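Student: I would like to learn how to read a few features of a model, beginning with a residue whose backbone angle draws attention. Could we go through them one at a time?

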Amino acid sequence: MRLAVATAALDVAALFVAFSVAYELRLLDPKRLVAYVSFPAYAGYLAVATPAWVLTFAACGLYATRQSYGRVSEVGRVLVAVGLGVMALIVLDFFSFELPLFPGRAVPAYAFVLGVSLVLAGRQVLRWVLRALHRRERALHNIVVVGTGPLAERVAGSLVGSGRGQSVVAAVSPTDAGGVFLGDRPVYATIEQALASHRVRIDEIVQTDTTLSREESTRLMALANDLGMGYRFVPDLYGVFAASATMAAVDGVPLMEVRLTSLDGWATVGKRIVDVAGSLVGLFLLAPLFLTVALLVKVTDPAGPVLYRQQRLGRGGRAIGVFKFRSMLWEYSTGPDRPYKTAEEAFVAMGRQDLIEEFALTQKVAEDPRVSRLGSFLRRTSLDELPQLLNSLLGHLSLVGPRPITPMELERYGEHRKSFLALKPGITGLWQVSGRSDVGYDQRVKLDVFYAENWSTLLDVTILARTFTTVAARRGAY
């Protein structure tokens with residue numbers, strides 16, 4: 001990520017210089033304009049456009065944390081990214097500014113040529129700097145290899161000798177623990193021992209032992225994902241079973257790079273920016289509605305609090321508290337500080353044992369007697385979930401994601417639990433726009449896992465758009 005940030009800073013500087021020089025080259029344009037914006041105003045517009053430049057480059061894959069494309073592909077991506085930025089400024093100039101932004105018709109062409117040249121030059125300089133640091137054993141990409149046989153040595157030797165700053169710091173093998181690998185790298189019995197025994201940051205796990213069980217391979221992949229590390233493996237008869245996988249040959253050996261979710265790198269940053277911006281806008285616009293609902297909850301059932309926190313699982317299985325407007329009668333609300341610890345106990349106390357089986361199947365009841373009349377309305381209209389915008393702002397939830405579930409529900413996800421926990425839960429998601437409580441639990445699991453393994457920006461936008469129609473229609477809300 002630090003490399004991506006440094007690259008983005010260089011790109012922005014290169015583009016700013018390119019557009020500034022293009023502005024001064026207006027004297028070469030025979031069709032230069034008499035009236036146009038001053039250079040300070042011009043520079044201000046360029047500074048405002050900086051976030052859009054970064055997002056455009058990121059969308060073109062130029063800040064991918066695991067780049068697999070070559071130099072020719074990079075040139076093509078830079079051409080597209082710079083071209084999109086220039087065209088966007090031309091369109092804005094045409095519709096938005098009183099005075100022309102560009103002092104001549106040829107200035108955008110100058111900016112495009114200079115922008116592409118300077119961006120590529122800056123990236124090449126960064127590569128030279130990195131190579132110099134690598135020779136001094138700094139800024140290295142540290143790897144732990146799982147396996148110690150001839151195949152492991154072949155792959156590890158190629159990685160070290162690739163000239164890309166990759167360093168193998170240890171190996172893992174229960175049978176060869178205590179020995180050395182590649183001449184001087186220590187060998188540990190477990191991956192946990194290897195990670196705990198090195199002060200340097202481990203960036204990636206490379207599994208070369210094809211005899212590992214699928215369960216152990218899945219565990220290694222999940223561990224790498226939880227710790228923010230990369231994971232590659234030499235495929236065996238199991239093939240590829242991860243959501244996002246790319247293959248590259250290392251010294252003739254196929255090496256698969258896999259992740260539990262396609263949400264990675266700068267896409268994570270972009271999603272977080274959208275979450276913060278969307279939450280702030282929502283909280284500002286809905287503030288009067290928040291106050292109205294809070295007053296109604298307190299007036300209709302003054303004994304209890306307005307908000308309550310549901311204990312749910314967040315990303316990586318961490319416990320989070322999800323805010324909601326209270327919709328249940330305080331007398332029958334459950335929790336560690338309440339007379340009834342579970343919903344089943346409350347149903348027994350109310351003489352409604354017949355609801356226990358329904359609750360066990362879906363964790364919900366269509367006609368829940370614990371819910372107040374106001375609470376029933378809040379649930380049907382989804383107004384009870386508005387405080388979750390606070391969770392999104394605080395980083396506990398995302399605007400779009402899998403459902404927030406309880407620890408007991410996690411068992412229903414079986415072998416897919418790691419994929420499910422790879423993302424933050426969401427205020428809305430595929431389940432919410434696919435029928436909500438009308439959808440069976442097994443189908444809910446499939447929808448959550450599908451979202452985690454097939455995430456895309458377009459999917460998030462589609463879900464957000466469908467959320468409004470689903471809420472308005474009140475489908476499956478109770």
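Predicted model: local features only at pLDDT ≥ 70, side-chain atom pairs only at ≥ 80, totals over all residues.

Student: Which residue other than glycine has a positive phi near 65°, and where is it found?

Tutor: That is S382, whose phi is near 65°, and it is found in the loop between α13 and α14 (388–394). S382 is buried, with a relative accessible area of 10%.

Student: How should I read the pattern of buried residues in helix α6?

Tutor: An α-helix has 3.6 residues a turn, so residues three or four places apart point the same way. In α6, which spans residues 150–160, the buried residues are A152, V155, A156 and L159. Seen down the axis of α6, these buried residues fall within an arc of 95°, so they line one face of the helix.

Student: What lines the largest cavity?

Tutor: The lining consists of V297, T300, D301, R326, S327, M328, S372, L374 and G375, and by class it has three nonpolar, four polar and two charged residues. Helices α10 (287–300) and α13 (373–380) each supply at least two residues of that lining, and the space in the cavity is about 50 Å³.

Student: Where should I read the model with care, going by pLDDT?

Tutor: The mean pLDDT of the chain is 80, but pLDDT stays under 50 over residues 237–243.

Terms used:
Residues numbered from 1 in each chain as written. Heavy atoms only, no water. pLDDT = per-residue confidence, 0-100. Contact = heavy atoms within 4.5 Å. 1 Å grid on protein atoms, 1.4 Å probe; cavity = no way out; pocket = protein on both sides within 12 Å on 5 of 7 lines; lining within 4 Å. Points joined across faces, edges and corners; volume = space filled by probe spheres on them. Helix = DSSP H or I, 4+ residues; strand = E, 2+ residues; numbered from the N terminus. Nonpolar A, V, L, I, M, F, W, Y, C, P; charged D, E, K, R; others polar. Buried < 20%, exposed > 50% of the residue type's maximum accessible area, 1.4 Å probe, protein only. Arc of directions from axis to C-beta.
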